[in-house]
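Dear colleague,

My notes on what was found in it follow directly after.

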Amino acid sequence: MKLMIKAGSSFFYNGRRGITGAVISLKGVLYMVTISHIFKGEGDRLTVDGTRLTVTRILKDHKLALIKLPSESEVEITEFGSPGELELAELINDTRTIHYCRVVNSGSSLLFLGFRCHDMPAPEDSGSPIVQKGKVIGIMTSATLDTCMGFAVSSKVLRSLEGQ
């Protein structure tokens with residue numbers, strides 16, 4: 001039985017776990033979206049639930065990677081929300097949830113996040129969806145341990161991809 005590919009599900013690249021930040025449809029074609037800094041570039045191969053896939057496109061301006069999914073893939077298309085500043089959010093993936101994540105500021109392409117210093121994202125949490133009110137508002141890109149801050153690509157960028 002195939003697993004459902006959705007925001008927060010895992011994939012494997014070079015023996016390491018990665019996180020799917022979102023699943024979108026662009027002109028009827030399904031794509032997984034994750035952070036790009038874990039890949040060498042377009043054409044890199046990864047494994048999702050035993051299926052070998054290829055990094056289709058790197059969006060360098062936003063540090064995101066698009067991975068085309070086979071049409072028969074069982075997916076849950078990601079529902080995007082708009083980030084509420086100074087509201088709580090959650091970082092969610094299939095192995096961990098961080099319940100205290102506050103949106104400190106949101107720009108046109110980035111979210112600035114505050115975490116409790118004792119409950120910070122780990123490096124393997126990069127690519128995790130940031131969720132408010134059940135909707136994805138961003139994809140985690142990095143965290144700075146000494147300031148307990150993190151950064152995420154905003155859902156505004158992700159929604160703009162759907163128009164392409």
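**Strand β8 and its partners**

Strands β8 and β9, the latter spanning residues 97–106, pair in the antiparallel sense over four bridges. Please bear in mind throughout that this is a predicted model.

The side chains of β8, which covers residues 88–92, alternate along the strand.

**Asparagine 93 in the β8–β9 loop**

Asparagine 93 is located in the loop between β8 and β9. Is this residue buried or exposed? Asparagine 93 has a relative accessible area of 7%; because the cut-off for a buried residue is under 20%, it counts as buried.

The side chain of asparagine 93 reaches the backbone nitrogen of threonine 95 at 2.9 Å, and it reaches the backbone nitrogen of arginine 96 at 2.9 Å. Leaving aside residues up to four places away in sequence, asparagine 93 touches Gly8, Arg17, Ile19, Asp125 and Ser128.

Two of the residues touched by asparagine 93, Arg17 and Ile19, fall within strand β2, which comprises residues 16–19. Strand β2 pairs with β1 (residues 10–13) in the antiparallel sense over four bridges. Phenylalanine 11 has glycine 18 of β2 as its bridge partner. Two residues lie between the strands of this hairpin, in which asparagine 14 adopts a positive phi near 50°.

**Glycine 28, for contrast**

Glycine 28 is placed in the loop between β3 (22–26) and β4 (29–35). Its relative accessibility is 67%; since the threshold for exposed is over 50%, glycine 28 counts as exposed. The C-alpha atoms of glycine 28 and alanine 89 are separated by 30 Å, with the two residues 61 apart along the chain.

With kind regards

Terms used: Residues are numbered from 1 along each chain as its sequence is written. This is a predicted model: local features need pLDDT of at least 70, side-chain atom pairs count only at pLDDT 80 or more; totals for chains, interfaces and linings use all residues. Side-chain values use heavy atoms; hydrogens and water are left out. Buried means under 20% relative accessible area, exposed over 50%, partly exposed in between (1.4 Å probe, protein chains only). Two strands pair if DSSP finds at least two bridges between them. A polar contact is a pair of N or O atoms within 3.5 Å; within protein, one must be able to donate a hydrogen and the other to accept it, and residues adjacent in sequence count only if both atoms are side-chain atoms. Contact means heavy atoms within 4.5 Å.
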